[in-house]
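Dear colleague,

Here is the structure I said I would pass on.

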Amino acid sequence: MRAVDVVSAYAFDPARYEPELRGILVELSECAEVQPAVLGRILRRYPKDGRRFFSKSELLRGYRYLQRSNPGDRGLDLDERLLIERLRMKPVRTQSGVAPVTVLTKPHPCPGRCIFCPSDVQMPKSYLSNEPGARRAAQHQFDPWRQTLSRLLALHQTGHDVDKVELIILGGTWSHYPESYQLWFLKRCFEALEDFGRGMREVPPLQAEVDYRDLERQVVGSDPGPTYNQVVRAFAAERARSSVERATGEELAAVQQRNESAAVRCIGLVVETRPDRLDQEEVERIRRLGATKVQIGIQSLDDEVLRLNRRGHDVAATRRAMALLREAGFKIHAHWMPNLYGSSPEADIADFSRLFSDPAFRPDELKIYPCSLIESAELMAYHRDGRWQPYRYEQLLDVLAHCLAATPRYCRVTRVIRDIPGTDIVAGNRVTNFRQVVDAELIERSWQSRDIRAREIGDLEVAPEELRLRETGYQASDGREVFLEKVTAEDRLAAFLRLRLPAQASFLGELADCAIIREVHVYGRVVGLGDRSRGRAQH
C-alpha cells in the first residue's frame, strides 16, 4: 500500500521570510484602510523568493510568528483582529453566524439504485473525486480527525473565527453505515475540535493504512459490469481494518460533554440520509448521537418520477420521515432535483409548489440540484437512446426563477447548483454561479426572493433597538410552526427562532407535552465566544 503525501499550505515557514514579512506588515499598519490595489503595491515591494506574492494566509501566519518571536515589538503597531479585517479571505464563509466544517465519510455500499446517481468508487455514493470538498477528503483518506483539523486550520489561516462550528457530515446514506463506524467518526471529529482548541496548528504527515485511490476500477453507467456496491464492498473486504474505526457511545458522549465548555464548540451537527431509512428507532438513535439537523434527499414529490428513477421510496416515506424528524425537534434540510427522468419544466414548477403548499413537507432549508449527467450514472443509457435530455438553459432558468420566487421566508435555499466540475458533466448545466443568474432574472421579472439567504444581515451594522419582531405561523406535519424573526426596517434578517407547537405528544418521552425550540440562529459574521463587537448582529 502506497503512502500519500498530503500537500499542505501550512508547510510555509515564516522564519525564512522574516524581513519581507516585517516590511509588508509595517506598511499595512500605517494604512488607514487596505484596498486590493494598495495591498498589491505593497506585496510587489516585498516579493516572496524575489518573484512571487505572499498569500493572505501567509501574511497572517507571519504576523503571528513575529508576535510570538518578538513580544512587545512596537514596530508592528497593528492588532491581529484589525489585520484579519483587512486580509480576511472569502468572508462569506462565516457571515451566516457559524463556521461550517464539512467532512466526508468513506466509500461504502449504498442501499439506493437511483439511475441519476454518480458511481465514483473512490468516493462515498453520489460524490465525485473532482468536487472540491470530496478532493480534500480524499487527500486525508477520509480520516475524520484529519479532515476536521485541516478545515479548522484553513479557516483560521484565512482570518475566520472558528469558535462556533457547524459540523456537517456528508457522504452517501449515513443511516446505512455501521453504528460503530458512526460513533468512531463523530468521536474523532470532536477530538479534532478539542485539539485545535488546545493550540494544535498543523496536520501531521499521513501514515494511513488505506488509500482509496487504489480503487481504480470505474463504473460506466451505460455499460454492463461491476456495480458501485460490488467494487466498494470487495475493496473494503480486502483491506478491512480490525478495530481502528470503532468507538462506543460512552466514548462519544464523553468527548461531546467536554466540548460543551471547549474553546471550539460544535453548535450544530448535521448528517444526511434517505426518507426510507428513517423510522422512530433510527430518528431516536440519530438524536442520541447528538445530531441537530438532518439533510434528507426527497428529490421529487411525484411517485411516478421516483419510480422511473428507481429512487427506492415513495412520497409517503418522505411524509413519514419529515413528521418524525419534526416530532424529535430536528431541523430539516431537504434536497430536491428538477430535470429528473420523466419530469418536465412545467411538472417541476408544480412539484416545487407542493413542497410548500402541502403541510406534510415545508422544509427549513433546501438544496436545489438540477439533474446533470455524469458518465458513471445509469442515466447515460437513457441519454444515449434519447429517453432523457437536460433542460435548455432558458428552461432551467425559468424553473429556478419560479422556485426562488415561491420559497417562503422561513426557508433557506442554501444551494441552487451542485458544485460538480464541468469536466465531469456529460450533459446538463455547467454554470456554477446560477443563483446569481437567477437573482438577476428575478429583478428582470420584477419578482423577489424572500428566502432566508436572500435576506441575511451579512456584514451590515446592526442597531438592536431598531430591529423589529416579525412572526410567521404555518402548519407542518400535524403541528404548528412559529417562525420568529428579528429584522431591520428593510427586512434584512438578523436572527430567528423556530418554535414547534405539536398537536400530539412526541414518541420521545423527554419531549412529551412540550413545545420545541428547533433552532435559534443569529446571523452576521461569527463573533468569538465571550467577545462583543459593536454593530455586529451576534452578541
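Arg307 and Glu304 form a salt bridge, with their closest N and O atoms 2.6 Å apart. This is a predicted model. Both residues belong to helix H11 (residues 303-308) and sit three residues apart, about one turn of the helix. Arg307 counts as exposed, at 53% relative accessibility, while Glu304 is partly exposed at 39%. Elsewhere, salt bridges with shared partners link Arg326, Asp364, Glu481, Arg498, Arg500, Arg518 and Glu519 into one network.

A second pair is Glu510 with Arg287, whose side chains meet in a salt bridge at 3.3 Å, N to O. Glu510 is in the loop between strand E12 (493-502) and strand E13 (516-522) and Arg287 is in helix H10 (residues 280-288), so this pair ties together parts that are 223 residues apart in sequence. Arg287 is partly exposed, with a relative accessible area of 29%.

As for the protein as a whole, its secondary structure comes to 17 helices and 13 strands. Of its 539 residues, 55% count as buried. Among contacts between residues at least 6 apart in sequence, 74% join residues at least 24 apart. The protein exposes about 23,900 Å², and carbon and sulfur atoms supply 48% of that area.

Regards

Technical notes
Residues numbered from 1 in each chain as written. Predicted model: local features only at pLDDT ≥ 70, side-chain atom pairs only at ≥ 80, totals over all residues. Heavy atoms only, no water. Helix = DSSP H or I, 4+ residues; strand = E, 2+ residues; numbered from the N terminus. Buried < 20%, exposed > 50% of the residue type's maximum accessible area, 1.4 Å probe, protein only. Contact = heavy atoms within 4.5 Å. Areas by Shrake-Rupley, 256 points an atom, 1.4 Å probe, with all protein chains shown as cover. Salt bridge = Lys/Arg side-chain N within 4 Å of Asp/Glu carboxyl O.
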